[in-house]
Amino acid sequence: MSAASFASLLAAHAKLFAARRPGLARGATLPTLERSALGVVADPTWLSDYRRVCGLADDGSLPTLAPQLMAAPLHLELLADRAFPIAAMGIVHVANRTEERVRLPDGAALDLVARVAGSRETALGVEIDLVTEATLAGALAWKTTTTALSRRRGEASGERPKREVPAAGVEGAPLRSVIVRVPEDTGRRYARIAGDLNPIHQRAWLARPFGFRTAIVHGTWTVARALAECQDDLPLRPRVVEVRFRKPVPLPSSAVVSAWRRADGALDITVAPPKGGTAHVELRVTPS
């Protein structure tokens, strides 16, 4: 990312986080918002930096979440739209579902569309779905649904979302289990690549006002790093990658990436603390 583009990104985030929002009233629906960009090609230097920070192999095809990061400017525009009633700061990424319909070459010119796809009440607040699609040569090639939670303070409402936990109930010895080191500067290195300058990912003193003892790494980095460790075991495309975020990975720290093969050919992956306990992230990669 150039100095000029980074400065523009920083200014966009400052404006976004400073904006006052009324919040979404109970029973109300989010407005229909959409942004698009045509012929988007991953910059080779950016792609190389992304692979290096996440430990991804260069196999000539775009990594699973690369189109999502390529669409980051569209996501910022949606969140900054005055019609979007929820403040960006404090929104927590809780789940992701990505459909990789075809292999996308590194130099693919993608038509990207991002839209606000709805919301629902849960016991913890309002869940928001943001859908991003990548079209190649007129055909839908990739799609992801990002689910984020906006908490309501001091109240519980609705029912907790009932989702299958992708890697729950795994049994037996894993195919692989490896310790991954997560250096303190990972959030800052990844932030420029992902276009996400949220202060909770930068330094501990910036994260503490938001309730974190340390800075935390981006959830999309954790997913990419887990997929990188399990590259040789992943089902081939077309495939679906389902992700549930359970608790953040602190900076610095270590995590254990483990994978199990299911009878249906899917691969279950967990990213967990070295001493056990609740997983940070759970993934299921299923052939489709």
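Helix 2 and helix 7 sit roughly perpendicular to each other, a label used for angles of 65 to 115 degrees, while angles under 35 degrees count as roughly parallel, over 145 as roughly antiparallel and the rest as oblique. Their axes cross at roughly 75° and come within 9 Å, with helix 2 covering residues 44–54 and helix 7 covering residues 219–229. Here an axis is a line fitted to C-alpha atoms, for helices over the stretch in contact, and angles between N-to-C directions run from 0 to 180 degrees. Helices (H or I, at least four residues) and strands (E, at least two) are DSSP runs, numbered from the N terminus.

A quick word on the basis: this is a predicted model, in which local features need pLDDT of at least 70 and side-chain atom pairs count only at pLDDT 80 or more, while totals for chains, interfaces and linings use all residues. Residues are numbered from 1 along each chain as its sequence is written, and side-chain values use heavy atoms, with hydrogens and water left out.

Back at the crossing, helix 2 brings Tyr-50, Val-53 and Cys-54 to the contact (heavy atoms within 4.5 Å), and helix 7 brings Trp-221, Ala-224, Arg-225 and Ala-228. Sorted by class, that makes six nonpolar, no polar and one charged residues. In this scheme Ala, Val, Leu, Ile, Met, Phe, Trp, Tyr, Cys and Pro are nonpolar, Asp, Glu, Lys and Arg are charged, and the others, Gly among them, are polar.

Rings of Phe, Tyr and Trp (its six-membered ring) pair if their centres lie within 6.5 Å; planes under 30 degrees apart are stacked, over 60 edge-to-face and the rest tilted. Trp-46 and Tyr-50 are stacked, at 5.6 Å centre to centre with 15° between the planes. Both belong to helix 2, four residues apart, or about one turn of the helix. Trp-46 counts as buried at 14% relative accessibility, and Tyr-50 is buried too, at 0%. Buried means under 20% relative accessible area, exposed over 50%, and partly exposed in between (1.4 Å probe, protein chains only).

Tyr-50 also pairs with Tyr-190, this time tilted, at 6.5 Å centre to centre and 40° between the planes. This pair links distant parts of the chain, since Tyr-190 lies in helix 5 (residues 186–194), 140 residues from Tyr-50. Trp-46, Tyr-50 and Tyr-190 form one aromatic cluster.

Ten strands make up an open sheet in the order 1-3-4-5-2-7-10-9-8-6, with antiparallel pairing; two strands pair if DSSP finds at least two bridges between them. Strand 1 (34–40) and strand 6 (176–182) are the edges, each pairing on one side only. From one strand to the next, the twist averages 15°.

Strand 8 (residues 253–261) is mostly covered, with eight of its nine residues buried. On one hand, strand 8 pairs with strand 6 in the antiparallel sense over seven bridges, and Ser-253 stands opposite Val-182. On the other, strand 8 pairs with strand 9 (residues 267–272), also antiparallel, over six bridges, with Asp-268 as the bridge partner of Trp-260. Strands 8 and 9 form a hairpin with five residues between them, and Gly-265 in the turn has a positive phi of about 95°. Elsewhere in the sheet, strand 7 (residues 239–245) and strand 10 (residues 281–287) pair over seven antiparallel bridges, where Arg-239 has Pro-287 as its partner.
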